[in-house]
Amino acid sequence: MALKPLKPGKRIALTDDLATDDREPKGEAAEALIAPLIERLTEQQVALYAEGKQALLVVFQGRDASGKDGLTRKVFGPLNSQGCVVSNFKRPTEYELARDYLWRVHQAVPAKGTIGIFNRSHYEDVLVVRVHDLVPKAVWSKRYDQICDFERMLTENGVTILKFFLHISREEQKDRLLERLHDPLKNWKFQVGDLSERKRWDDYTEAYEDVLERTSTDYAPWYLVPADRKKTRDLLVAQVVAETLDRMAPQFPRVDPEVLKIARQWERETTARKRIDE
Ligand code: AMP
Ligand code: MG
């Protein structure tokens with residue numbers, strides 16, 4: 001079953017039970033479906049690149065350890081890196097803070113012909129910024145509409161936008177954070193800040209509920225991804241991306257008739273010369 005875009009203006013209570021969906025394939029069954037989808041994505045990417053007229057922007061948001069990195073690696077890692085750019089949004093630098101919050105985001109919007117992945121995004125400016133009071137409410141509360149306006153402008157200029165919220169349960173996050181602590185290969189990912197963010201679970205829940213309610217639009221929809229199961233998560237996202245690229249229907253450019261003429265002439269000449277040589 002494919003994910004459906006969230007209806008604009010609809011409020012969803014982000015309860016833990018929404019982090020799994022037993023109707024969806026999981027484990028090996030999901031894995032078997034992902035492989036051909038990734039194959040399809042690599043083919044679609046060639047057409048998008050060759051056409052060079054439109055771009056696809058994929059936004060990933062989710063709590064710490066919700067799988068933004070793993071999903072990016074699994075689904076987009078196999079694509080041609082010449083046409084697929086991943087942008088990470090960390091705490092803004094002083095230089096970035098001296099400018100409007102969309103400034104750094106706009107620069108990372110994918111070029112025509114390419115796919116851009118946002119691992120975190122401008123939504124942090126109504127999530128972490130709101131939860132930690134980094135700017136006054138009077139400032140962040142205006143951002144929902146500003147973000148919608150920004151995204152509408154982009155879509156009217158050839159950028160198709162998909163937004164995925166990777167929803168994990170409290171229990172699953174605990175397990176993944178513990179794994180980061182215990183596994184020497186994952187240690188580097190653990191940040192003390194992850195624990196203080198976890199303490200603010202309910203504040204983030206409310207902030208995310210507002211984001212989904214106020215910024216899912218017909219032109220740049222949010223998808224709620226049950227993300228407790230990694231393979232199900234990857235499959236559901238890959239499906240939406242592949243379907244969207246189908247709908248974008250990039251066309252290979254036709255060969256210029258002048259170029260074709262030159263090619264035919266050259267072909268005639270080389271084959272004639274070959275005959276003489278023989
Ligand atoms: P990570 O995704 O684990 O590399 O962590 C990046 C951190 O940067 C997260 O804790 C984000 O909440 C934080 N971050 C991203 N954007 C902003 C922002 N606009 N303001 C403050 N913190 C941010
Ligand atoms: Mg982190």
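Which residues surround ligand 1? I looked this up first, in what is a predicted model. Ligand 1 is surrounded by F89, K90, R91, P92, R104, R120, E124, D125, V128, V129, L134 and Q191. I then sorted this shell by class and got five nonpolar, one polar and six charged residues.

Next I looked up polar contacts of the ligand. For R120, I found a polar side-chain atom 2.5 Å from an oxygen atom of ligand 1. R91 takes part through its backbone: a polar atom there is 3.2 Å from an oxygen atom of ligand 1. Ligand 1 taken alone exposes 490 Å², and the protein buries 80% of that.

I turned to the second largest pocket. I noted about 450 Å³ of space in it. This pocket is lined by 16 residues, and those closest to its centre are L3, K4, L6, R23 and L224. By class, I recorded nine nonpolar, one polar and six charged residues in the lining.

Last, I looked at cysteines. How many disulfides does the count come to? I got zero.

Technical notes: Residues are numbered from 1 along each chain as its sequence is written. Chains are lettered from A and ligands numbered from 1 in the order in which they are written. This is a predicted model: local features need pLDDT of at least 70, side-chain atom pairs count only at pLDDT 80 or more; totals for chains, interfaces and linings use all residues. Side-chain values use heavy atoms; hydrogens and water are left out. A residue is near a molecule or strand if one of its heavy atoms lies within 4 Å of it. A polar contact is a pair of N or O atoms within 3.5 Å; within protein, one must be able to donate a hydrogen and the other to accept it, and residues adjacent in sequence count only if both atoms are side-chain atoms. Accessible areas come from the Shrake-Rupley method with a 1.4 Å probe; for residues, only the protein chains shown count as cover. Ala, Val, Leu, Ile, Met, Phe, Trp, Tyr, Cys and Pro count as nonpolar, Asp, Glu, Lys and Arg as charged, and the others, Gly among them, as polar. A disulfide is a pair of cysteine sulfur atoms within 2.5 Å. On a 1 Å grid over the protein atoms alone, a cavity is a set of points where a 1.4 Å probe fits but cannot get out, and a pocket is an open set with protein on both sides within 12 Å along at least five of seven lines; lining residues have an atom within 4 Å of a point. Grid points are joined across faces, edges and corners, and a volume is the space filled by probe spheres set on the points.
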